[in-house]
Amino acid sequence: MAGTRLPRRKIAVYFADELLAGRNVTNQLAAYLVETKRVREAVLIVRDIEVALADRGVLLADVASSRELATETKDAITRYLKKATGAHDIRLRTSVNTDLLGGVLVETPSERLDATIRHRLNQLTATKI
């Protein structure tokens with residue numbers, strides 16, 4: 001791949017396959033981006049890799065909540081995402097966001113599920129107007 005300027009989707013497919021084969025490709029991807037002067041595209045390429053992984057049944061989901069999630073809650077989110085997406089492998093990246101009042105915000109490469117209290121309150125407010 002060195003020196004060749006490839007479309008983002010081809011890059012994503014290549015690195016998704018490498019990751020699924022168990023290879024650590026972080027340095028290789030970084031070197032490619034620097035060498036081809038595409039560092040500014042890093043976020044987009046990583047998102048494309050996540051989409052390529054989802055196409056292969058491996059779903060990465062970012063889950064934000066106001067406090068650390070219990071194992072049961074993580075398991076429930078995993079079950080929900082498996083059923084909703086058909087993915088066979090769900091990987092949660094959890095984070096604590098103290099700005100959230102409660103509930104969870106789940107983001108995948110193609111979907112966003114806002115089950116936060118703030119979102120629910122905004123919905124209630126919008127329906128009364």
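Mentor: Buried means under 20% relative accessible area, exposed means over 50%, and partly exposed lies in between. We shall apply these terms to a predicted model.

Trainee: How many salt bridges does the structure hold?

Mentor: As a general idea, side chains of opposite charge can pair when their charged atoms come close. This structure holds nine salt bridges.

Trainee: Are glutamate 41 and arginine 38 buried or exposed?

Mentor: Both glutamate 41 and arginine 38 are buried. Their side chains meet in a salt bridge, with an N to O distance of 2.8 Å.

Trainee: Which residue forms a salt bridge with arginine 23, and how is each partner classed?

Mentor: The partner of arginine 23 is glutamate 18, and their closest N and O atoms are 3.4 Å apart. Arginine 23 has a relative accessible area of 44%, so this residue is partly exposed. Glutamate 18 counts as buried because its relative accessibility is 15%.

Trainee: Where do arginine 93 and aspartate 62 lie?

Mentor: Arginine 93 and aspartate 62 form a salt bridge in which the closest N and O atoms are 2.8 Å apart. Arginine 93 belongs to strand E2 (residues 89–96) and aspartate 62 to strand E1 (residues 58–65), so the pair ties together parts that are 31 residues apart in sequence. Arginine 93 counts as partly exposed at 36% relative accessibility, and aspartate 62 counts as partly exposed at 29%.

Definitions and conventions
Residues are numbered from 1 along each chain as its sequence is written. This is a predicted model: local features need pLDDT of at least 70, side-chain atom pairs count only at pLDDT 80 or more; totals for chains, interfaces and linings use all residues. Side-chain values use heavy atoms; hydrogens and water are left out. A salt bridge is a side-chain nitrogen of Lys or Arg within 4 Å of a carboxyl oxygen of Asp or Glu. Buried means under 20% relative accessible area, exposed over 50%, partly exposed in between (1.4 Å probe, protein chains only). Helices (H or I, at least four residues) and strands (E, at least two) are DSSP runs, numbered from the N terminus.
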